[in-house]
Amino acid sequence: MNETEHQNETICIFDQPYKVTLLFLLSTTSVVAIIENVFFCFAVYFDKNLHSRSNILIVSLAVTDIIIAAILPNLESVYLYFYPSWPIGSLGTITLNLIWIFSLVCPFVTVTAITIERYIMIAGKSSWKDFFTKRAYIFIVIFIWLYSFICCLVTAVTMIPAHKNEYVWNVNSILYYILLGFHIIVPLLLLPGLYYKIKNVSQNFLKELTKETENNVNLRRQRKEMKLAKTIFIIIGVMYLVWSPVVIIEILYNLEFKVCVISKIGVISLWLTCINGCLNPLVYSYRNAEVKRFAKNAIKLIVRYS
């Protein structure tokens, strides 16, 4: 950070109403996202109807959202509350910046993997479908997490030394734009096209099965696969709403437009990304009858014993 940038950051003032509002939103979002995603994981674990192989990837996404919700908004709250000072030192800076990199990589790689899996299960050949055993799903999850940690490790190695009493964005700009483009912009451009192809193939297949009454089992299975694909499409739509403004703000911020208004909007954009972790489990619950049934039973138990 050069002297001009330092001055631009120093003269930026977060007024009290702005700080109180954002602190409330960040803390509330953190708690809600953790509760919702933990609940979804419990639902999948305890309800045998949810023990499908496809849910392994969705649970992995839920765990990712839990980790992000537990760390990212709370560290951002520290930044916002104590600004312009930074009481948790260089280690706090590294942790905040790395969890942000993790939030760029792991959720999008997971959603991309889920979308490709949906395409293969709906429109793929039988030989491709046979590949997706339970062990294959677990291997995919392990690969996604290892890949995400490697991206964070490479980022950490290339970081500029951080200040002890001041938060700075010390991530290598070239590497950051590569991560931003490859893990967010490219998926946002390609995933809708892939889903559109899934929809066309599935609709044609459903028409053929509907004509054959003896294929009722296959018809129900195909409809179930298509419903899950639509759920993933809604998740992609949520990502568009949340991440489109974030990408624009990140580009401006990293192109030296580090004026006060961009800094303020940047905190809001980070809160928007945390909202993603709240919306995903709501989409699962709304689209999945088993999750809704589990939720109703859980509420009844809580009311009975409270």
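Start with helix 9, which supplies the largest share of the lining of the second largest cavity, 4 residues. Helices here are DSSP runs (H or I, at least four residues), numbered from the N terminus. A cavity, on a 1 Å grid over the protein atoms alone, is a set of points where a 1.4 Å probe fits but cannot get out, and lining residues have an atom within 4 Å of a point.

A word on ground rules: this is a predicted model, where local features need pLDDT of at least 70 and side-chain atom pairs count only at pLDDT 80 or more, while totals for chains, interfaces and linings use all residues. Numbering runs from 1 along each chain as its sequence is written, and side-chain values use heavy atoms, leaving out hydrogens and water.

Now select D65, I68, A69, S103, P107, W243, T273, C274, N276 and G277: that's the lining of the second largest cavity. Helix 3 (54-82), helix 4 and helix 9 each give two or more residues to this lining. The space inside comes to about 110 Å³, a volume being what is filled by probe spheres set on grid points joined across faces, edges and corners. The lining splits into 5 nonpolar, 4 polar and 1 charged; Ala, Val, Leu, Ile, Met, Phe, Trp, Tyr, Cys and Pro count as nonpolar, Asp, Glu, Lys and Arg as charged, and the others, Gly among them, as polar.

Zoom in on N276, in helix 9 (residues 260-287). Is N276 buried or exposed? N276 is buried, with a relative accessible area of 4% (buried means under 20%, exposed over 50%, partly exposed in between, with a 1.4 Å probe and protein chains only). Beyond its neighbours within four places in sequence, N276 is in contact (heavy atoms within 4.5 Å) with V238, M239, V242 and W243.

Next stop: the second largest pocket, at about 420 Å³. A pocket is an open set with protein on both sides within 12 Å along at least five of seven lines. Select F108, V109, T112, A113 and I116, which lie nearest its centre among 19 lining residues. Helix 4 (89-123), helix 6 (134-157) and helix 7 (173-210) each give two or more residues to that lining, and helix 7 gives the most, with 7.

Finally, colour by pLDDT, the predictor's confidence in each residue from 0 to 100. The chain's mean is 80; among its elements, helix 6 has the highest mean (94) and helix 1 (residues 3-11) the lowest (42). Where pLDDT is low, the predicted coordinates should not be read in detail.
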